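Let's take a friendly walk through this model together. Please have the structure open and follow along.

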Amino acid sequence: MTRTRELIGAALLAAGRPVSTRELSAVLELSEDATRIEVAAYMAEVTAHGLGFQVEEVAGGFRLVVPADLAVALAPLLAPPPLPALSAAALEVLAVIAYRQPVTRTEIEAMRGGSAGTVVTLQERELVKVVGTSDAVGHPLLYGTTDRFLLDFGLGSLRDLPPLDGADFAHLLRG
């Protein structure tokens, strides 16, 4: 393994978060194109050697992850225990925010036809955040998704969300 690829592995391990191509380029002192080539080669080496981890491209960067088939065996080592699954209402609110951001709580409630009280839960889980205020009367808060949302749902960017059928997304919400 070359020194460049060793640095890539060390950077991904040390960061503990997705590391962008730009950040890796600065560490490696290479152009972004050359860095992408080196990261692809590093990914191939890791896969070829079956080292018990893999490189995943997510949320605009690269990170080291444990393959799903090995994660089950590691469950006793992992802490804290996972949070309970999001409720159907929370998933509905999250879908509205993801597809329509930035969006106010009133707009969320209008689209759902019900309360958007789960916004607080989504904020506590760092899946959504306040991204500004609206120019509407009272200047209500605008909500958008976070990088944590992208990470938890395995998305590289919001462009990776499944396409909507038609102009609305009623098929994603409870009927």
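Glutamate 23 lies in helix H2, where helices are DSSP runs of H or I with at least four residues, strands are runs of E with at least two, and both are numbered from the N terminus. Before we go on, a word on the ground rules: this is a predicted model, so local features need pLDDT of at least 70 and side-chain atom pairs count only at pLDDT 80 or more, while totals for chains, interfaces and linings use all residues. Residues are numbered from 1 along each chain as its sequence is written, and side-chain values use heavy atoms, with hydrogens and water left out.

Back to glutamate 23. This residue is partly exposed, because its relative accessible area is 32%; buried means under 20%, exposed over 50%, and partly exposed in between, with a 1.4 Å probe and protein chains only. Leaving aside neighbours within four places in sequence, glutamate 23 is in contact with Arg17 and Pro18, contact meaning heavy atoms within 4.5 Å. Glutamate 23 and alanine 11 are 12 residues apart in sequence, and their C-alpha atoms are 9.4 Å apart in space.

Now turn to the helix as a whole. Which residues of helix H2 (residues 21–28) are buried? They are Thr21, Leu24, Ser25 and Leu28. These residues cover an arc of only 105° around the axis, so they sit on the same side of H2; the arc is that of the directions from the helix axis to the C-beta atoms. Arg22 and Ala26, on the other side of H2, are exposed. The buried residues of H2 pack against helix H1 (3–15), helix H3 (32–49) and strand S2 (61–65).

Serine 25 is one of that buried group, with a relative accessible area of 8%. Not counting residues up to four places away in sequence, serine 25 touches Leu30, Ser31, Glu32 and Thr35. After H2 comes glutamate 29, whose phi is positive, near 60°.

Next, find glycine 52 in the loop between H3 and strand S1 (54–58). With 31% relative accessibility, glycine 52 counts as partly exposed. Its contacts, leaving aside neighbours within four places in sequence, are Val66, Pro67 and Leu70. From glycine 52 to alanine 116 it is 64 residues in sequence and 41 Å in space, C-alpha to C-alpha.

Let's move on to the aromatic rings. A pair of aromatic rings is described by the distance of the centres and the angle of the planes. How many aromatic pairs does a search of the whole structure find? The search finds one. The ring centres of phenylalanine 149 and phenylalanine 153 are 5.0 Å apart and their planes are at 40°, so the pair is tilted. Here, rings of Phe, Tyr and Trp (its six-membered ring) pair if their centres lie within 6.5 Å, and planes under 30 degrees apart count as stacked, over 60 as edge-to-face and the rest as tilted. Phenylalanine 149 is buried at 4% relative accessible area, whereas phenylalanine 153 is partly exposed at 41%.

Phe153 also brings us to the second largest pocket, whose 12 lining residues include Leu91, Ala95, Tyr99, Phe153 and Leu161 nearest its centre. On a 1 Å grid over the protein atoms alone, a pocket is an open set of points where a 1.4 Å probe fits, with protein on both sides within 12 Å along at least five of seven lines, and lining residues have an atom within 4 Å of a point. Helix H5 (residues 88–100) gives the most to this lining, with six residues.
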